[in-house]
Amino acid sequence: MNWITTTVLLDRLADADDAAWNDFLGRFREPVVRFAQRMGLPREDAEDVAQDALLGFVDTWRRGRYDRLRGRLSSWLFVLARQRVLDWRRRAARDRERSPPEAATPAPLHELPDDGAARHTWDTSWQEVVLESCLDRVRGEFRPQTMEAFEAFVLADRPAEDVARDLGMTSNAVFIAKHRVLKRLREMQADYESIA
Amino acid sequence: MSTPPPPSCPPLGDLDRLVQGALAGAEAQAITAHTERCAACTERLAELRANAELVPRLRDAARRGAGQAAADTPLVESLRAVGYDVVRELRRGGQGIVYVALQRSTDRRVAVKVLLSGHESSARHRLRFEREVDLSASLDHPNIVTIFDRGDLPGGGRFYAMELVDGRPLDVCAAELPALRDRLRLFARLCDAIRHAHQRGVIHRDLKPENVLVDARGEPRVLDFGLAKPTLPGTEATPTRSGEFVGTLAFASPEQVSGRPERVDVRTDVYALGVMLYRVLSGRHPHPTDGPLLDAVRHVTEGAPPPPSRHASGIDGDLDTICLRALSKDVERRYQSVDALQADILAWLSHRPIAARSDSGWYVLRKTLRRHRLPATALFVVLAALAGAVIVSRHSLSEAQLEARRARTANEFLIDTLTAVGPGREPVDTRVVDLMRRAAADVGTAFAGDPVRQAAIREELGHVLWALGLYSEGEDQLQAAWEQLRDHLAADHAWTTRVQIDLARLLTDMGRAAPAAELLDDAQRHAEHWARDDERWFELLRCRALLAMRRGELDDAETLLASAREHVDNGDPTSSERAQRDELLVDDAGALAGWREDHAAAEAAYGKLVELRRLHLGDDHPHTQMAMQRYAQAIMQRGRLDEAESQLQRAVANLSETAGEDSPLVVFARTGLTWIYMQQGRLPEAEELARELLAAASARHGPDHDRTIGARNNLAVVLQQTGAFEQAAVLQQEVLDARRAQLGHESKTAAIAALNLALAVGRLGRYEEAERLLRDAIAGFDRTLGPHARRTLLTTNVLGVLYVDNERWGEAAALYADLLARTDAPELAAQFERGAWRFNHGMALVGLGRAQQGVELVRHAHAELLRERGADDSVTRMAARVLERAGIDARDIDARDAAGASSP
């Protein structure tokens, strides 16, 4: 995910533009797919749902009904994604009634969980993707040694003393590296949340 | 960066272990005991706990990322095939991935950027990628990253290899340099690199700290020309279209965020450098970027960043100026090249004067004066700051030259006059007035042969005099300026029209509606030649609206303001004046609501004004504070005295801390409080506060200062309320004497003082004195505001009341006959309660023995009073009693009148 350019990206969607569409898809598809999967859809259907939800959003945008001042983009996407998931379930339920039980789709639930639970699932998916892109981005901001210490100590969960020995630093320096990168990640996360 | 912990603090590692629960026993106890006493460690612990919460989710994310990396395996394989062994991923963007790789042929570590192939990359992305490589390769500078290699990948896709900079972002490194001068030297070397790129015809367009790494030797290295644009003729246009934004918002210039790629040029990089300079100087961003995105865009296009010195010490006015100049929203007012920016930084480093100085100080002053009536001291401070100001061009070249020339001339002339005060050079208000007057008197001879220059100076003088409340002198200057421009430039020249409209606005302020309307009609005659987006439309519509307000045509005023609003909305959103105009219109909406006595709407408008100014200028800006106080005034009018009081109390508390007890805004707020106490009948408190304010002003400014006089006046008004008329009269006399000495007998301020004194001595029965003062006041208002101004007419009524009280019937009759005749026009009649005036007129005639005529007038007045004040009003009842005594039952008459009116 690239930072900042969300609004501009949306503006570009106003004229049908393959590149803009690809960018948009690239950025917001993943959280929708994950959400749909967690709501019980198989990967393929989840991808269809994501495609549908994003198309729906673009349509809303082009008709000028999306008011950036009133809701965050992520909340809008949630509403659309949830609706698509609900549609998918209804279809699946109908199909189930018509088909023999052993051919039923693997939907574990008949009804959508209450809004709070769905919202929670959405937030989880969204935050995951945000965090992943923060992690991508933070790599460029620190000295290679700092990042290596961080990755080995925090992500790979190796003992600080081992990491320190391998990289020729003190173990306190490893903790400092951990602290600085995590602090920056928290800032980035907050930044990202505030712009989408 | 965090400061190293004091020796007794445990190392960060131990604190982190404590948070992880990895410490036990005595060690843990000792550290816990320490942190309980140490604020710094407590804070650090909180941070470490927040970190700890993130870690599990982060590990998940990293695992998912590793899954994705596995998907990239073919890419890694194809890089190996062209001679690069991938070590690790450096960063990943929308268009490609950057790897750290080992170039096998040279055995060195390099950075390899790969453009993803397949459906994820579009033709435009490919074009951009090629351009990036071409442009980067065309640059050869030690502070710009070098390109080694480029080529195709076997599985499709493109790559290029560049030197790997082992460095960190500029702002991070700068933050670690304690000395400001070192940070600026670093920044100047960055300017070197960008200048080199510009000389080769390359605009970077995405300058930000992440793209400027500082290497181990402390050298800045510019990378990522992925969004760069060639400027030289013959080069192909970039794949960017109108309406599209490229870049990073936090560092993007107004012309970039508003999607106008055709306006992007080297000055766009100057802006981004300005943002970086701001960060390097203050560690902060010039605009808040953590709010909703739309707000962030608005900040970039409209907000005025506070000077960096607001955030950090050691930054002087020159550095503020350099930084804000680079950040100017108007490209024409920015540094026109990186060279110029760098030159000023180097000048500052070597203690030489900078070229930018106060960015177009005079221009700013004029704008400020137009927006707000500044007190004269503030004005002087601004004037004094103007020395050496350079005016930068606007609009077309010829227009720009004209503008620059006239502004500079005006500036130099006024500065000369102002600095000729002598060795004391103490900025005293009265001197400003004198100086302005002297300048006004001299301008004709000083520039006898050059009418256009003369006009330029007269225009500025006119605005200053107007701001000082010397309306008719201001009018003379503006009138002369307009005539000179009309005769020597052109009647429909943009400048001429602007002065003409300003003159109309001044006349509107003075209540001289007819000549103001004439001027506007005249200006509008040329309007058919104006473009739809000509700035003069705004000025014209707004002035018409203000005039309509004065005339009581409030619906018209509203329509006109709506048109002016439309004009602003359709205008250039990047214009530096946009935000100011928005504010002016909101301010006007508040004023309109005030005229309508719709205090709810006034409250809403001023509430909005507060919001806008907070956004554009920040909480602490005097204009924001002033807006807050107007808001408080509006809610005071709504009778929410308690709320207004608490607002003002809060303002006093906040401002006393930030701006100091003596700041004009604190004084203003406390003055408001005095007024509220008076309204609430809390007279002892009001008196105490008024006395305190007077003592403070006197101690700080001396007895003859404008503010001291104002404070004295306020105390006098309070005393008048408490019934201490004698004390009030003594003080008012002092005020009047001071006002007259300060601004002359004819000024509006002196007239107000005369009126107040008249009211005090009137209560003491000193009628002769009161009469003389009222005559002076009326003459003053008449001259400054005009015979139809509200204040003139109301003061005339006061004199009339005095005549009636003293049974001077002849004078009273003449006065009211005149007053009623003057307000006979329907739009004026609607603004006044003429029933009471007519009642007095009738009583005067009765007193003169013309009973029949008098009673007839009282009868007429009674009908008006019923309408205007209702039956229970004391004057209405008095009129009814008069009619009864005259043997007429008022109700009968009214009934008869009604019957008569309905019969044929």
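**Helix packing and more**

Author: Let's begin with a pair of helices in chain B: helix H9 (residues 266–282) and H12(B) pack with their axes 10 Å apart, at an angle of about 30°. Keep in mind that this is a predicted model.

Reader: Which way do H9(B) and H12(B) run, roughly parallel or antiparallel to each other?

Author: Angles under 35 degrees count as roughly parallel, so H9(B) and H12(B) are roughly parallel to each other. Their crossing is right-handed.

Reader: And which residues meet there, between H9(B) and H12(B)?

Author: From H9(B) you have B:Val270, B:Leu273 and B:Leu277, and they meet B:Val338, B:Leu341 and B:Ile345 in H12(B). By class, that contact has six nonpolar residues, with no polar and no charged ones.

Reader: OK. What about H7(B) and H12(B), what's the angle there?

Author: Helix H7 (residues 180–199) of chain B packs with helix H12 (residues 338–349) of chain B at an angle of about 155°, and the axes are 9 Å apart. The cut-off for roughly antiparallel is over 145 degrees, so H7(B) and H12(B) are roughly antiparallel to each other.

Reader: Left-handed or right-handed, that crossing of H7(B) and H12(B)?

Author: Left-handed. On the H7(B) side the residues in contact include B:Leu184, B:Phe187, B:Ala188 and B:Arg195, while the H12(B) side includes B:Leu341, B:Ile345 and B:Trp348. The residues of this contact divide into twelve nonpolar, two polar and five charged.

Reader: I clicked on B:Leu190. Where is it placed?

Author: B:Leu190 sits in helix H7 of chain B.

Reader: Is B:Leu190 buried or exposed?

Author: Buried, because its relative accessibility is 0%.

Reader: So what is B:Leu190 in contact with, leaving aside its neighbours within four places in sequence?

Author: With those neighbours set aside, B:Leu190 is in contact with B:Leu170, B:Val212, B:Pro220, B:Val222, B:Leu273 and B:Met276.

Reader: Switching topic: how many disulfides does the structure hold?

Author: Zero, over all chains.

Reader: Zooming out, how many helices and strands does chain B have?

Author: Chain B has 39 helices and ten strands. The chain has 904 residues, and 53% of them count as buried. Take the contacts in chain B between residues at least 6 apart in sequence: 60% of those join residues at least 24 apart.

Reader: And what does the secondary structure of chain A come to?

Author: Eight helices and zero strands. Read from the N terminus on, the elements of chain A go α-α-α-α-α-α-α-α.

Reader: How much of chain A counts as buried?

Author: For chain A the share is 51% of its 196 residues. As for contacts in chain A with a separation of 6 or more, residues 24 or more positions apart account for 66% of them.

Key. Residues are numbered from 1 along each chain as its sequence is written. Chains are lettered from A and ligands numbered from 1 in the order in which they are written. This is a predicted model: local features need pLDDT of at least 70, side-chain atom pairs count only at pLDDT 80 or more; totals for chains, interfaces and linings use all residues. Side-chain values use heavy atoms; hydrogens and water are left out. Axes are lines fitted to C-alpha atoms, for helices over the stretch in contact, and angles run from 0 to 180 degrees between N-to-C directions. Helices (H or I, at least four residues) and strands (E, at least two) are DSSP runs, numbered from the N terminus. Angles under 35 degrees count as roughly parallel, over 145 as roughly antiparallel, 65 to 115 as roughly perpendicular and the rest as oblique. A crossing is left-handed if the near helix is turned anticlockwise from the far one by less than a right angle, and right-handed if clockwise. Contact means heavy atoms within 4.5 Å. Ala, Val, Leu, Ile, Met, Phe, Trp, Tyr, Cys and Pro count as nonpolar, Asp, Glu, Lys and Arg as charged, and the others, Gly among them, as polar. A disulfide is a pair of cysteine sulfur atoms within 2.5 Å. Buried means under 20% relative accessible area, exposed over 50%, partly exposed in between (1.4 Å probe, protein chains only).
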